[in-house]
Amino acid sequence: DPRALEDQDNRIPLADYVALMRAARLGLAAGPWLAAGFAALAVAIGALPVVAAVLTKHILDALASRQREGAAGLVRLVVALAITGVALGVSPHVQRYLVGELGRRLTLRAKGELYAAVNRFQGLARFENPDYLNRIELARQAGENAPLALLRSGLGLAQATVTASGF
């Protein structure tokens, strides 16, 4: 198929690749700062379990060594672990807010672009065709759902990679 980007193991149709890039562009254009915050938070959420594990190891090592002169260092480690725990507890809520806000902006932008494209049509003949109306509805649904799903999947993968590489 000349419309496929060929690899030894995978074939990604060019149309799918273009659609994927358009979805990514739409997602980033809808809220660039929200997307950047979501990305930074995803990496942080991936790193926090590793930080908690390292801090716990250092606390246990300090307790096992029974050194009295290290009490101030032990308190610092415990406070850092408590802050890490609070960050682990709060970050999913912040992430949910960012995803919700980005989803709302994305829906608004996708509908705006779709309606602008539909308004450029001349005449009403296309709107009398049920198949064409179904395509418009599918475009509306894909424009609302695909970019956010793509962003969430990609950042979820990055988050899991950060966590797995830390251990």
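A crossing of two helices is left-handed if the near helix is turned anticlockwise from the far one by less than a right angle, and right-handed if clockwise. The model on screen is predicted, so local features need pLDDT of at least 70 and side-chain atom pairs count only at pLDDT 80 or more, while totals for chains, interfaces and linings use all residues. Residues are numbered from 1 along each chain as its sequence is written, and side-chain values use heavy atoms, with hydrogens and water left out.

**First stop: α1 and α3**

Select α1 (14-30) and α3 (71-119); helices here are DSSP runs (H or I, at least four residues), numbered from the N terminus. The two pack at about 115 degrees with their axes 8 Å apart, the axes being lines fitted to C-alpha atoms over the stretch in contact and the angles running from 0 to 180 degrees between N-to-C directions. Viewed as a pair, α1 passes α3 in a right-handed crossing. Show side chains for Arg25, Leu26, Gly27, Ala29 and Ala30 of α1, which meet Leu102, Arg105, Leu106, Arg109, Ala110 and Glu113 of α3, where contact means heavy atoms within 4.5 Å. This contact divides into six nonpolar, one polar and four charged residues; Ala, Val, Leu, Ile, Met, Phe, Trp, Tyr, Cys and Pro count as nonpolar, Asp, Glu, Lys and Arg as charged, and the others, Gly among them, as polar.

**Second stop: α3 and α4**

On the α3 side the contact includes Gln95, Val99, Leu102 and Leu106, and on the α4 side it includes Ile136, Ala139, Arg140 and Gly143. Its residues comprise 12 nonpolar, five polar and four charged.

The contact is built from residues including Ala35, Phe38 and Val50 of α2 and Leu151, Leu155 and Val162 of α4, and it holds 11 nonpolar, four polar and one charged residue.

**Last stop: the largest pocket**

Finish at the largest pocket, with a volume of about 410 Å³. Centre the view on Arg22, Leu26, Ala139, Ala142 and Gly143, the closest to the pocket centre of its 15 lining residues. α4 gives the most to this lining, with seven residues.

How values were computed
On a 1 Å grid over the protein atoms alone, a cavity is a set of points where a 1.4 Å probe fits but cannot get out, and a pocket is an open set with protein on both sides within 12 Å along at least five of seven lines; lining residues have an atom within 4 Å of a point. Grid points are joined across faces, edges and corners, and a volume is the space filled by probe spheres set on the points.
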